[in-house]
Amino acid sequence: MRILIAYATTEGQTRRICRFASDRLVAAGHSVELLNVGDAEGLEPARFDAAVLAGSVHIGLLQSELIAFAQDHAAALARMPVLYLQVSLAAAGQDAEEWQELREIADKTVAEFGWRPGRIEQVAGAFRFGEYDFFKSWAMRWIASQHGQKVDPKADREYTDWGRLAEVVDGWAATAAEQR
């Protein structure tokens, strides 16, 4: 299949996740275009057989450019198998209320897309202290402390479960290939 992976990222973890997905799909024999939605001008999604969209949750919202991309290309994306990866630190935890909030954020985001992806997955993100300014670093340390996590503000900490992500991407690609 020809697969588009379109993403928006704030500190870079979503880009890493998308590169990982791209590598898996290419290794499985698919053709992949990996694209930051900020660079999508002139893109025609209809030339792809399937797509992966990915963005990260920050203060309950996804990047507006990902939502705009999904809206702008709604007709083409709605006709193909789409995997939507929503990246957040909350997905690393087991708190039922936080997971409910993640589902609500995904539902709200998808409603803004104007169409519904065939599969929605939550993916744990990372603390990227190297990317934070003083205030965001302080806020992220406070969030970690509220969850009983001790973090080193001089080191990034990744929570992405790469094995689970591999299963998600592989399973979605197999299903998408059957649908095409």
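Two strands count as paired here if DSSP finds at least two bridges between them. Keep that in mind as we walk through this model, which is a predicted one.

Let's begin with strand 1, residues 2-7. Strand 1 and strand 2 are joined by 6 bridges, in the parallel sense. Within that pairing, Ile5 sits opposite Leu34 of strand 2.

Now zoom out to the whole sheet. In general, strands of a sheet pair through backbone hydrogen bonds, and the pairing can be parallel or antiparallel. Here, 5 strands make an open sheet with parallel pairing, and their order is 2-1-3-4-5. Strand 2 (31-36) and strand 5 (119-124) are the edge strands, each with a single partner, so one side of each has no neighbour in the sheet. If you ignore direction, neighbouring strands are turned by 20 degrees against each other on average.

What lies on the sheet? Helix 4 (residues 96-113) lies across strand 3 (50-56), strand 4 (82-88) and strand 5, and runs at about 135 degrees to strand 4. Helix 6, residues 162-179, also packs on the sheet: it touches strand 1, strand 3, strand 4 and strand 5, and its direction makes about 165 degrees with that of strand 5.

Finally, have a look at helix 1, which covers residues 13-27. Its 15 residues reach 21 Å from first C-alpha to last, close to the 21 Å expected at 1.5 Å a residue. Which of its residues are buried? They are Gln13, Thr14, Ile17, Cys18, Ala21, Ser22 and Leu25. An α-helix has 3.6 residues a turn, so residues three or four places apart point the same way. After helix 1 comes Gly29, with a positive phi near 100 degrees.

Terms used: Residues numbered from 1 in each chain as written. Predicted model: local features only at pLDDT ≥ 70, side-chain atom pairs only at ≥ 80, totals over all residues. Heavy atoms only, no water. Helix = DSSP H or I, 4+ residues; strand = E, 2+ residues; numbered from the N terminus. Expected span 1.5 Å × (residues − 1). Buried < 20%, exposed > 50% of the residue type's maximum accessible area, 1.4 Å probe, protein only. Axes fitted to C-alpha atoms, helices over the stretch in contact; angles between N-to-C directions. Contact = heavy atoms within 4.5 Å.
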